[in-house]
Amino acid sequence: MRLKLTSVANQITRREMKIKSLARLFLSCNLQLAIKWLNRITLALLAAFFSASVSLAMGNGESVIGNGNKQLPITNYQSPIPNPQQLLQQGRKFFQAEQFSQAAEVWQKAASAFKGAGDKLNEALALSYLSLAYQQLGKWQEATDAIASGLSLLKNSGSSRDSLSILAQTLNTKGHLQLALGQSEDALTTWTQAAAKYSQIGDTEGAIGSQINSAQAMQALGLYRRANKSLEEIEISLQNQPKSLIKATGLRSLGNALRAIGDLEKSRKLLQQSLSIAQELGSTPAISAAYFSLGNTARSLAKRAEELADKSTAKTEIEAALKAYLEATKISLPIRRVEAQLNQLSLLVDTQQFAEAEALRKAIDLNELPASRRAVYARINLAHSLTRLETGNGGRKEDLPSVDRDSAQLLATAIQEARNLKDLRAESYALGNLGELYELTGQSKDSLAITQQALVLAQAINASDIAYRWQWQLGRLLKEQGDKKQAISAYKVAVETLKSLRSDLVAINPDNPDVQFSFRDSVEPVYREFVDLLVTTEAEPSQENLRQARYAIESLQLAELDNFFQEACLNAKPVQIDKIDTTAAVIYPIILKDKLAVILALPQSGLRYYATVKPQSEIETLLDELQQDIGRLAANNQQVLRLSQQVYDWIIGPAEAALEKEKVQTLVFVLDGLLRNIPMAALHDGQQYLIEKYSIALTPGLQLLAPQPLRQGQLRVLTAGLSEARQGFSSLPNVKPELQEIQKQVNSQILLDGEFTVTNLQRAINSTPFPIVHIASHGQFSSQAEKTFILTWNDKINVKELDNLLRRREQKESHPIELLVFSACETAEGDSRAALGLAGVAVRAGARSTVATLWKVSDRSTAVLMTELYRELTKQGVSKAEALRSAQLTLLKENRYKFPYFWAPYVLVGNWR
């Protein structure tokens with residue numbers, strides 16, 4: 001039995017036909033024409049992306065008007081018109097129930113009533129609330145007019161507590177509107193004004209709420225350090241407050257915000273404090289909300305532990321999440337109880353606890369939920385879990401049309417409910433998920449039509465965070481139908497949408513309040529599938545397709561680093577290889593589902609493409625084996641050699657003749673996935689290592705390079721290191737002679753052991769223009785930014801702190817650090833993506849080039865290599881890559897250091913000249 005929903009798939013109204021035409025315009029990238037169509041036929045569809053309707057409602061799916069959970073600031077005015085103040089309260093109830101149309105209607109009546117009575121103050125308040133409702137409905141102009149009218153009424157309202165309170169509330173609402181319209185700087189200014197007004201009347205809750213809102217605006221502007229500092233100040237303010245629901249709500253909101261930016265341990269700490277206060281006060285809603293948020297944070301911690309291959313911790317966190325969700329269901333109102341049950345269900349399905357999931361599925365009752373946005377998302381969430389439960393629990397794809405009628409009906413109900421609510425964002429999300437269900441069941445024609453509808457609605461309301469998903473979905477469907485040209489267009493638009501979302505990448509999360517965003521599942525595949533499509537569209541990919549594929553690979557690298565830092569901190573400008581080095585070639589290998597694809601960029605030549613067809617699992621298994629073996633001193637070196645030759649054959653073999661013909665001297669690799677953990681220098685052709693033929697460098701992409709060569713002249717080096725055991729780390733006895741040998745080669749200043757502190761390092765960097773900074777200390781590269789650090793005498797320098805530490809001199813002077821060297825760091829054991837941290841250190845430090853190690857090696861051989869490295873750097877005309885190659889060859893030629901374990905882990909990241 002085929003899934004057919006007449007009201008969704010077949011009954012396309014005249015408006016929807018126009019929407020389909022508009023979708024094709026967007027798909028063809030004719031954005032200007034599409035925007036003109038928008039202005040003509042879809043003004044009524046425009047809605048702002050309204051991420052948080054109130055100050056303290058962040059991350060829980062909570063919608064509360066005003067400054068938190070307190071009562072609205074209504075004056076004591078008694079109107080001759082019946083119940084205008086009751087209309088305000090009635091509208092508040094509608095808004096909290098997410099029935100925004102009803103709220104707008106009631107608040108419009110209230111505003112008219114107050115206007116008729118000549119009560120400007122309460123009329124302004126009603127207009128402020130009306131703007132909130134219009135924002136949720138996507139009525140931008142009406143929302144703007146309402147807030148402008150309200151502020152006009154407040155111009156000469158005086159300085160009474162009531163007037164200042166309503167002015168602060170109105171400014172708060174205006175800030176939300178400005179942020180939704182992309183006016184982040186204006187929103188920041190407005191919320192700062194609101195916070196000042198709240199503070200003026202002693203409204204701590206309102207001030208804290210506006211400060212949290214300001215932090216959101218700072219993040220939207222890319223001012224992440226300012227935002228984090230603001231959040232820290234908010235935490236201090238909250239901690240100094242007496243125990244109250246205000247404090248419990250604020251701590252919970254802050255905990256949710258910290259979870260969103262990846263500070264999971266701090267998130268849990270604040271959420272536990274919120275729970276403790278709520279329990280002490282006996283507030284059932286606050287207790288339930290705290291448990292719900294704690295479950296989400298535990299789930300995120302479990303996901304992180306899984307990525308780090310820490311199965312024990314993952315299991316513990318999964319159990320903690322399930323327990324927290326269960327506690328939330330015991331004492332919740334219907335909507336929160338259902339959301340907690342849905343979180344339990346999706347987690348049980350994720351962890352393949354199918355029997356428990358089946359039992360819970362039968363206990364979930366959505367019929368008791370009143371119509372609201374959260375109810376729509378609850379139905380979507382349940383439909384998604386049911387589909388995964390069927391397929392994961394032994395169901396077959398071909399069985400889905402018969403077993404997934406429940407999911408289809410849930411989504412049909414969600415769509416209709418969203419339409420009744422006039423909630424375009426919820427409607428887009430529900431339609432897109434129905435399109436995904438049709439795609440899964442092989443009904444691509446119906447899926448295509450529905451996905452187009454979902455896409456246009458998302459684009460109409462500027463909901464880029466879900467629009468990219470439907471663009472991606474459209475690309476998959478078109479590819480399946482054989483329309484590769486249009487599929488490429490769809491994928492291209494999806495990639496561009498993701499690019500526009502860089503500053504909000506961490507916030508990409510479907511509206512279900514519990515769905516755990518996974519970069520690897522939700523973003524990476526867009527780029528990889530796009531590359532795959534570009535290189536397999538024709539027997540021989542065109543130069544245009546290869547250029548687009550190269551751009552997609554570099555864009556993926558940037559997106560991965562943004563996700564690593566949980567912020568868009570990198571400024572990218574495309575640079576052609578010819579402009580950097582006419583003797584260098586850039587190699588882009590990317591691991592796809594069924595092949596290892598390679599794009600080769602030669603100087604003064606077109607791009608070339610070749611591939612090795614093998615399942616992804618087979619490629620990654622071999623790379624993992626090589627990584628495990630090559631980084632062990634006691635490894636079987638014949639096995640290492642065999643695996644190295646295999647990787648050489650994949651990546652270098654097909655390009656050998658072209659590299660020789662072009663007289664290439666340097667190979668620059670833009671590495672993908674597990675390839676980052678493999679030292680390219682150790683690849684072997686059966687006769688010699690790659691390092692014996694070429695200088696080698698790594699880069700996250702040419703977009704990040706500043707194409708300047710090393711300034712030779714008189715080099716000055718700031719060296720810092722630890723030779724003694726500190727903070728649980730072992731001693732490094734050869735660090736002292738290493739730094740002394742460097743001092744013999746070049747003019748240098750030494751900070752050793754007790755002198756190696758953050759303060760001393762900062763003072764030295766600020767006082768003297770050192771072109772090279774050399775740090776010989778324990779350090780770790782991880783796929784998690786907070787676990788990537790450098791050890792000092794009494795502290796750890798986190799990768800995010802490197803930015804402030806090393807870039808400060810660059811801000812004062814025009815000369816950045818030319819070369820940053822880490823000679824004793826290692827990648828986190830068991831972390832398959834740990835080398836991402838190495839790239840993160842390289843780009844965050846602001847140095848043009850970075851030398852570091854893929855694994856911890858003998859500090860004796862390190863001292864030898866570093867001495868040779870600096871000897872070479874002092875020679876006129878020797879590039880950094882050439883200097884490192886010479887140093888590595890010095891070890892290779894010594895019998896005791898001839899194995900790759902000793903010389904291969906040293907990599908140069910960034911500018912190789």
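Let's start inside: the largest nonpolar core holds 217 residues, and I651, I652, L659, L667 and F669 have the most contacts within it. A nonpolar core here is a set of buried Ala, Val, Leu, Ile, Met, Phe, Trp, Tyr and Cys residues joined through side-chain atoms within 4.5 Å; buried means under 20% relative accessible area, exposed over 50%, and partly exposed in between, with a 1.4 Å probe and protein chains only. This is a predicted model, where local features need pLDDT of at least 70 and side-chain atom pairs count only at pLDDT 80 or more, while totals for chains, interfaces and linings use all residues. Residues are numbered from 1 along each chain as its sequence is written, and side-chain values use heavy atoms, leaving out hydrogens and water.

Take F669 as a way in. Leaving aside neighbours within four places in sequence, F669 is in contact (heavy atoms within 4.5 Å) with I587, I651, I652, M680, L690, I696, A697, L698 and T699. Apart from this core lies another, of 35 residues, including A126, L132, A133 and I166.

Now for P654, which sits in the loop between α30 (637-651) and α31 (656-661); helices (H or I, at least four residues) and strands (E, at least two) are DSSP runs numbered from the N terminus. P654 is partly exposed, at 48% relative accessible area. Beyond four places in sequence, P654 touches Y610 and D649. Its C-alpha atom is 9.4 Å from that of Y609, 45 residues away along the chain.

Finally, look at strand β15 (residues 906-910), where five of five residues are buried. Strand β14 (residues 849-853) pairs with β15 in the antiparallel sense over five bridges, pairing requiring at least two DSSP bridges between the strands. Within this pair, A852 stands opposite V907 of β15.
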